[in-house]
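This briefing walks through a structure by topic. Have the sequence and the coordinates open alongside.

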Amino acid sequence: MPRAKSLDYIFLFAVLALSAVGLVMIFSASPTLGIKLGDSFYFIKRHIFYLLLGFLALLFGFRLDLELLKKRANTIFIVAVLLLLLVYIPGIGRKVLGASRWIDLGVLVFQPSELMKFATVLVLAGFLSGRKEKIGDLFQGFLPPIILVGFVFALIVKQPDLGTALTIAVTGFVMLFAAGADLRHLGAFGGLGLLGVLALSIASPYRLRRLLSYLDPWQDPQGAGFQIIQSLLAVGSGGLLGLGLGASRQKYFYLPQQFTDFIFAILCEELGFIGGAAVAGLFCLFAARGLLIALSAADPFKKLLAAGLVAWVASQALLNIMVVIGLVPTTGIPLPFISYGGTATIINLFAVGVILNISRKP
Amino acid sequence: MPTEKRIRLLFILFLILFAAILIRLFLLQIVQHGFFQARSLEQRTRIINLSANRGDILDRNGEILATSIDTYSVFTQKGGFAWVARKLPRAEAEELKNTEPGRYIVLKEKKRLYPKGRLAAQTIGFAGSDNQGLSGVELAWDKYLKGKAGRVVTEGDPGGRELYGAVREIDPSEDGLSVTLTIDKNIQFIAERELEAQIRRSSAIDGTLIVMNAKSGEILALASKPDFDPNDYKKAVPRLWRSRCLDPYEPGSTFKLITAAAGLEEKVISLDSKLKALDSLEIGGRIIKNSHPIDWPGPTISVSLMLEQSINTGAVQVGLKLGPERFYDRIRKFGFGERTGFGLDGESVGIVRHWRRWYKPDIAMMTFGQSIAVTPIQLLSAVSAFANHGRLAAPTLIKKIESQDGKFVKVFGGESRGQAVSDKTAAAMKTLMRNIVLSGSGRRAQLKRFSVGGKTGTAQKSAPGGRGYLKGRYIASFIGFAPLAEPEIVVLVIVNDPKGSIWGESVCGPVFKEVVEYTLRYLNVKPDML
């Protein structure tokens, strides 16, 4: 029986704290590039704007009728797929550094793959909660979600954006696991998936170099190993307490993507082990409270939706941090709530709104 | 319910990964902190060298002989650092840079310039492309000229810009001092012109001409031919870089002045002494002859005639009266066998063996300047004693060094190398030298309006490496001063290996005359003859 509860303030606190850390770090790390564009506050202004839109989206997600959301799940997914295809249409899609990931909306560049993360979680939650009994069945329960995720994965890898595609794949996998899929199916498919990723990595010389540089970045410190080495230099030179807020040295163009995918490295350099561990701890708190919300949800759809959204954000955060500290090969994904970015900030906060919605009306 | 259980499992998995992250952060930030900190510091440390401005070299009137100008060099960093072109004028460098925008970078560099070209080339010398003196005054006074390069150690980004709030360590550069020479560019010019013309006329190998202030020892001109253009020194044979005045040579008959002065000072002869008129004499198995047939006035000759006619056998008699020990001591008192330290590196000490190591004929040979080697500067200093009441002038090439802002100045000169002979001997030598010019071998050096004292020299060239002399090869020279009463300048002219007429008188006398005449007029010295 659903009963009204107060929303989860601890969960909200974790999100607000992470967003605040993000804003402060963008304040510190982006002016080096901003100055080159003629305005040291260029990215800060934009990020504040994105945060405002994000909190509107949070409010929207919080107020949303989740039954209606469930009904419209397929429509939303199809819209997301169409938007993903739009990026290839010249005049609408925008190509940056060889990657077609964005739709130009004038004031804002929209990244449909971020919406796709939400849409995939939504459609999987709907499908899996509707087939609870058949989940153990390979053909009726297990394979349809796998095919769906595989399709999304392929669409996004094509852009190319392996990081986002992997995030969606991991999220889908985690949702299947949470929904109670057969462990043998999961094991078999997980193994196949890993082999697939490995094959993909080896197939593209660019990815292969990244993979090799992960194993020994110092082999090619000016080439493939450059990004990870610069990241490690930032993290390592932070020490226990860091160089102090704003005092990063690596942000001066030694570490590329210093306020997007690798902002955590600058954070570790400026705030040290204490700061890095605190942010990791906030994500841990996010995951713990988020999964508790999922656990306490009575409705199977809401339960899976909450678990899926938390799994997405948490796995993306883990993946990003592990890339930055060299635990996994470099792949470009932003750190939720902290990295600079328009669509991601808005969609992440929208997802938070939906989770809070579930926390209040489990 | 399986879903709840699996969500809990999921959380445990997250916790494990969280723990892995914490451990990794601990390793990177605490355990390996020093390593990463050092690497990061190393890659952002920029050392900017601050070059010091090299001091100028000026002549005694402040004319610039060597200076440094701004030039523009072009380099590229695409595919590693490489010079594209160095030391161009600004316009050329900019043009080159614009041929491929973004590829070339222009850098300001100093270039050494010698505005007077070949003038005093070996004396001034030259500095290399990295502000290092390589020859001449540029080398000998490099310590003062080059200044002290400084540097800034700072933090930069990969594009070379300094970081905001970079920690800087500045070691400022100090500009070099300017060096003012005693050389007068006008006298130098005339000396070089006359010397060069004579070398050409005589088809000689090379030559030296030095004009020195008789009292102060300041060298007004130091010519050495053939020479080179220091702006383009790499094109010249390195042998030409060295001033001939640094190298020893056998002075020949000019050294008879020293012999006579030693005899007078030791009182083994006087102006009234008579020497035997001999066509030849034998010492230690060696036959000494005169270099030319003498028209003897009788069985004896005066000391003055010995010098006027440059009679070897007469000089030998003076030497024998002195004996090796006294002769040797006198030679040393004139400063032979020791460096004058006039201001260039690589000065020879000459060859003056101790008298205990002389072979029997050596004392005879030395009386007319063979079996002994001196540098032109040493000879000038020695002869200056006669012009200077017996006091040896200390030759100097450097007038002063001063900082470019004029705050530090050090003036050189005014020292003496000691008393070589008494005032009385010096006065007697002046008379004897006057006689040589008036009625002896020095007649070609006579000036209309100035009284001159001098001595010719026609030395046999010694064979390289061993003993003995090259047949028919001579070094012609003339040394003298003017005006006689209070000599203003001492001048030495040396022409190496003249063809045709080989005599010091005919080869060097006229050159001496031209240069002395010009110099005395230029210096506004009052003529002492009407």
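B:Pro226 sits in the loop between strand 12 (219–225) and helix 8 (256–265) of chain B. Helices (H or I, at least four residues) and strands (E, at least two) are DSSP runs, numbered from the N terminus.

This is a predicted model, in which local features need pLDDT of at least 70, side-chain atom pairs count only at pLDDT 80 or more, and totals for chains, interfaces and linings use all residues. Residues are numbered from 1 along each chain as its sequence is written, chains are lettered from A and ligands numbered from 1 in the order in which they are written, and side-chain values use heavy atoms, with hydrogens and water left out.

**Backbone**

- Most residues other than glycine have a negative phi, and most peptide bonds are trans.
- Chain A also has a cis peptide bond, from A:Gln159 to A:Pro160, with omega near 0°.
- A:Pro160 lies in the loop between helix 7 (138–157) and helix 8 of chain A.
- B:Ser371 is not a glycine, yet its phi is positive, at about 65°.
- B:Ser371 belongs to the loop between helix 11 (362–367) and helix 12 (376–387) of chain B.

**Interface of chain B and chain A**

- The contact (heavy atoms within 4.5 Å) draws on 51 residues of chain A and 40 residues of chain B.
- About 4000 Å² is buried between the two chains, 74% of it on carbon and sulfur atoms. Buried area is the accessible area (1.4 Å probe) that two parts lose on being put together, summed over both.
- On the chain B side, B:Arg6, B:Phe14 and B:Gln29 lose the most area to chain A, together 18% of what that side buries.
- The rule finds 17 residue pairs in polar contact across the interface, both residues at pLDDT 80 or more. A polar contact is a pair of N or O atoms within 3.5 Å; within protein, one must be able to donate a hydrogen and the other to accept it, and residues adjacent in sequence count only if both atoms are side-chain atoms.
- Helix 1 (2–31) and helix 2 (33–44) of chain B each supply at least two residues of the side that touches chain A.
- Helix 1 of chain B gives the most to that side, with 21 residues.
- The chain B side divides into 22 nonpolar, 8 polar and 10 charged residues. Ala, Val, Leu, Ile, Met, Phe, Trp, Tyr, Cys and Pro count as nonpolar, Asp, Glu, Lys and Arg as charged, and the others, Gly among them, as polar.

**Salt bridges**

- A salt bridge is a side-chain nitrogen of Lys or Arg within 4 Å of a carboxyl oxygen of Asp or Glu.
- The whole structure holds 37 salt bridges over all chains.
- Between chain B and chain A the count is 2 salt bridges.
- B:Glu155 pairs with A:Arg249 in a salt bridge, with the closest N and O atoms 3.0 Å apart.

**Cavities**

- On a 1 Å grid over the protein atoms alone, a cavity is a set of points where a 1.4 Å probe fits but cannot get out, and lining residues have an atom within 4 Å of a point.
- Grid points are joined across faces, edges and corners, and a volume is the space filled by probe spheres set on the points.
- The count is 5 cavities of 30 Å³ or more.
- The largest cavity holds about 100 Å³ of space.
- Residues of both chains line the largest cavity, among them A:Phe283, A:Cys284, B:Phe14 and B:Phe18.
- The lining of the largest cavity has 11 nonpolar, no polar and no charged residues.
- The second largest cavity holds about 40 Å³, and its lining has 4 nonpolar, 4 polar and 1 charged residues.

**Second largest pocket**

- A pocket is an open set of points with protein on both sides within 12 Å along at least five of seven lines.
- About 1100 Å³ of space lies in the second largest pocket.
- Its lining has 37 residues, with B:Asn49, B:Ser51, B:Leu107, B:Lys108 and B:Glu109 nearest its centre.
- Strand 5 of chain B gives the most to this lining, with 6 residues.
- The lining of the second largest pocket divides into 9 nonpolar, 13 polar and 15 charged residues.
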